[in-house]
Amino acid sequence: MVKKILLSIVVLFVVLLAAAFILPIVFKDKIKESIDKELAKSLNADVVFDVNKFSLTLFKNFPNLTAEMRDFGVFNREPFAGEYLFAADALQVEVNLRDVLFGDQLRLKGITLVQPLINVIVLEDGRANYDITFPAEEVTESTEEPSTFSFGIDHWQIIDGDIRYDDRSMPFLLDLKGVNHSGSGDFTQDVFDLKTRTTADTLTVKYDGVEYLTNKTASIDAVISISEDYTRYTFKENLSRINDFVMSFDGWFKMNDDNYAMDIAFSSPENTFKSLLSLVPGMYSEGFGDIKTEGDLKFSGFVKGVYSDTQLPAFNVNLNVLNAMFQYPDLPTPISNINLDMLVDNKDGIIDNTVIDIKNLHMDFGSNPFDARALISKLYPTTVDANVKARLNLAELNKMFPVQGLEMRGNYSIDLTAKGVYDSLKKTIPAIDAAMALANGYVKTSEFPLPLEALKFNASIKNSSGRMAETFIAVNDFSMTMDSENFSADLMLQNLEDYTWDLKANGGVDLEKITKIFPLDGMTVAGKVKADIQTKGKMSDLDAERYDRLPTSGSASLKDFKYTATDLPYAVGLSDAEMTFDPRKIDLKQIKGTIGKSDFNVSGSVSNYIGYMFGKNELLKGSMNFNSTLLDLNEFMVDTGEESTEHTESYGVIPVPTNIDFVLRSTIATVKMMDFNITQAKGDIIVRDGVANLSGLSFSLLGGTFTMNGAYDTKDIQHPKYDFGLKIENMAIAQAAAGFSLVKAYAPMAGLMSGNFSTDFKISGELLQDMMPDLKTINADGLVKIAQAALKESTLISGITSVTRLDDTNEVTLRDVLMSASIRNGKLSVKPFQVKFGQYTTAVTGSTGVDGSIDYSLKMDVPAGKLGSQFNSFVSQYTGGKNDPNAMIPLNIGLGGTLLSPQPKVIMTEQKQQVQEAVTTAAKQEAEKKATELVSGLLGGSKSDSTKTDSTKITEDPKQKAAEEGIKTIQNLLKKKKGN
C-alpha cells in the first residue's frame, strides 16, 4: 500500500515537472497572439519586441506563468513620430496559470522592467506622448469582443531604469538616472495601500530655465493609500531623501477631470544643518562625511489648493538655521555664526503675490562678517527692500570654500541698500545706494595660467528717485596687471533709459596671454596692444547715427601681431602699427605687416570709422598709400566651391566692397595673380560703390610694359564686369599667346611667332567665376603694331603652299605692320594689312570666331613663272602660247575652316579675270609693237619707190599685207577681251 502511494507521488511529480516544461511551449503562441491582439485594439502606437526572444516559464514565479519579451519598445506616432515612449531590455509579465488553463480571461499578476528607458514628453499645447490609447468613442464603436485581460496586478519592479519627464507646457523637466523601484498593492480592491521603494543615482529638476536640483541622489520609501477609483492618494508612512536632506509628507492628492486638488504638508524630520549643507552645489562630494558641522535646522511648508491650466495652489516654505557652522577637516578657519530666517509665502495661488522674506542672513567668514536682509513683497511689479553688507578677505574665503584650481587674494567690501519697485513697463527701479571696492586683488585659475594681479577698483551705484534715467554708475581707479602689462580705466555710466557714458582707458594687453585665459576656438592671436582712449556719448546718438556727437580720441599701437584661423588659408601679421584718432578720422602713421605671402606698408587716414563700425551700410572713407614688395592676390580669391585636380588650382572672383570709398596710391614690386607675375606696378586704385577704378596704373608683365585705365565692377558678384583702356609696349607675341586667354582663343598661331608687338586697345566684357574673360561678352577696338615678326612651319603656311604650289612660302614675316582690329559678338575682325609669305607681299583681311572658325582673304602678287605648269598652261590659252615668266600675277586665296584645321583654296573665278586682263594688256602691247614696225616699213618703202603709181602693186606689196594682218590680230584680241 505504501509502495503504491509512493509510486503515485513519484508519477504525479513527474507529470507536474513535465507540465512545467510542456505547458509554456503549448500555450506560447496562444498567449503571444492574445498580447498582440489586445495591444493593436487599444494602443495608438507601435509596439515592437523580438519574437525570437519571446519566452514563457513556470519556474521563475511558480505557480504563475511568466512571459518575457526582450528588446521591447513602444514608439510614438504623429505628432511624436520618431520619439520613443518606452524601451527596455526586458519586459516580464506574470499571468495566473489557472486563468490560462481553465478561464476565459488572462489575469496580470506582476510586471518587471529591466533597464527601461521611459521618455515622457508634453508639448506646449498640452498634447502628451503617453496618451496612446484610442479615444473612448472609438473603443465604444468597435466591433471587437470584450477584453480577455483582467488587471489584477499586485506587484511590480523597475531595475536600473532612466526616466525623463519633459513638460514643455510649464516648462518643467525631471530627469532620473539609475532608478531602482519596487511596489506592491492589490488593484482589485476599491481602497488599498500602495507600498513603494525608489532610489535614483542622480536627480535633476529644472523649471522655467532654472535648474533647482542638479545630479542629486534621491530615494523615497512610502506607503500611500489609494481610493476613489484610483484618483485620491493619501500619504501614510513616508520618507524622501535628496543627498542627505530628508523630508516627509502628510496629506492627500486628488486627480480630478479638469484639475488636481491637494493638501500636502512637508517637513524635515532631521534638524541638522549638515543635511541642508548637502544640497549646496559642490559640497556633497566624497569627503562630505568628514566636514565638521554644528547648528539646528527647521524646515517645513505646505501646498494647498487646486492646480490647473489657470490656477496654482497656495504654498508656504519656512527655513530656519540657528547658530550653525561648518569647517573642512584640513582647514583651520570655519564659517561660523550662520543664522538664517527665511519665509516664502503665497496665500492665493497668484504667483505675482508671492512674498519672499529673508529676515536675517548672517555668517562670519573667519573674522569677516557678512549680513544680508531682503523683503520681496510682490514678484511683479517687484517690490524690494534689501540690504547687503560685507567685508571679505578673499584669501580666507578661498580656504573656507576651496575650489580646485582657483586661487584668490584681496580685500573686498560691499555696502548696498535697495528699496522700491522694479517695473519694466514703467521704467522704474528700486532706489539704490551701493558702494563696492577691491584692493590688492589676485585671481588665478588652473584654466587661465597667467594671474591677474594688483586688481583694484572703487565703484558706486546711486539712484535716489527710482527712475532709470537718474541712475549713476561710477567705476573709478580700476587697474590690473597681467604678466607685467598694466591696464587702467575709469567709467561713468548714467541714464539707463538712454545709456550715457564717459570712458577713459590706458594700458597694454598681451593678446596671446589673453587667449590663454579666454581660449578662442579655431584661431590663435598674438601681439601686444597699447592704447590711450577717451570716449563719450549717448546710445540715442549712436542709434541715430549722429556720430559727430560721440567725441572719441586717443592713440593706439600694435606690435608683433599674428592671427591664424582654421578657416583662413593664410596667416596675418603686423610687425608695427600706430594710429591716432578723433571723432572724425583715424590717422594711420604706419602699418607694416604681412598677409600670407604678401607684405605691405600702409599709411594714410580713414574717416567715418565710428559709423562704419556701429551703423548699417555706413560708408568708410579713406586715402591710403600702399607699398609692397610682393602682393599675392591668389590667396584672397573667393573660393568657387569647385574641386580642383592635382595640377589645377580653382580661383574665384575678387569682390570689391560696396561700403568703402577709398583712394589707394600703390607701389608694388611684384603682384601674383593666377599664373601671372606682374612687376613694377604703380598707380591709383579708387574703390567706390563696389567698383575698383584704375587710374594711370602701369606695370610690367610677360616682358611687356602695360598702362591701364578703367573699371572693375563686382556689384553683381555673379557677373563681374570690366571696362579698360589698355596700352602694351614691346611685348613678346609668343608670351601673349601663352598668357592671355583672349589671344589663345582668337590667335593661337601667335604662340609660334617670334617678335614683339605693341597695342592700344579698349576692351570691355564680363568675367567668369574663375576670373577669366567670358569670350562671348567681349567688345573691343584698337590698333596692334608689329615692328618685326615671323611665323614658320605652321599648318596655315603648309596649307597655303599646297594650294599655290609655291616652294618658297615656308615663312611669314611682318615688318612695320599697323593692324586695326575689333571684337564684336564673339568674332575678331581685322582690316587689311600686309605681310610677306616668303618673298611675296600679301594683303590679309578677315575674321576669327570664338568657336575657332576662320574666314580670311589673302591676296599676293606672284610671278607667273612661280605658279607651276598647270597655272601657266591656263594663262597660255589666252596668250597664243606666249607667256612672260616674270609677269606679276595677283593670286587670291580664301582661308576657311578652323584654326586647328585651316582649309585654304585659290579663288579661280576672279583669277581668270586677273589673268585675262594681264594677257590682254600684253597682247595689246605686242600688237602696238608690230604696228609700229609695219608703219615704219611702209614709210621706208614709199620713199624709195615714189615714182611708182600703180595701185595694184602697192596693194600686193608684202609690207602692206603684213600691216593688214597686224591690224586684224589687234582687232581679234580686242574682241576677245570685250567678250570675256
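Visitor: Which residues of helix α11 are buried?
Guide: This is a predicted model, in which local features need pLDDT of at least 70, side-chain atom pairs count only at pLDDT 80 or more, and totals for chains, interfaces and linings use all residues. Residues are numbered from 1 along each chain as its sequence is written, and side-chain values use heavy atoms, with hydrogens and water left out. Helices (H or I, at least four residues) and strands (E, at least two) are DSSP runs numbered from the N terminus, while buried means under 20% relative accessible area, exposed over 50% and partly exposed in between, with a 1.4 Å probe and protein chains only. In α11, which spans residues 795-804, the buried residues are Leu796, Ile797, Gly799, Ile800 and Thr804.

Visitor: Within what arc do the buried residues of α11 fall?
Guide: The arc is taken from the directions that run from the helix axis to the C-beta atoms. Seen down the axis of α11, the buried residues line one face of the helix, because they fall within an arc of 165°.

Visitor: Is Lys427 exposed, partly exposed or buried, and what is its relative accessible area?
Guide: Lys427 sits in the loop between β20 (406-422) and β21 (431-445), and its phi is positive, near 55°, although the residue is not glycine. Lys427 counts as partly exposed because its relative accessible area is 42%.

Visitor: What is the relative accessibility of Asn608?
Guide: Asn608 lies in the loop between β30 (598-607) and α8 (609-614), and this residue, though not a glycine, has a positive phi of about 60°. Asn608 is classed as partly exposed because its relative accessibility is 24%.

Visitor: What is omega for the cis peptide bond that joins Tyr380 and Pro381?
Guide: Pro381 is placed in the loop between β18 (368-378) and β19 (382-393). The bond from Tyr380 to Pro381 is cis, with omega about -10°.

Visitor: Which peptide bond is cis with omega near 10°?
Guide: The proline concerned lies in the loop between β3 (64-75) and β4 (84-95). The cis bond with that omega runs from Glu78 to Pro79.
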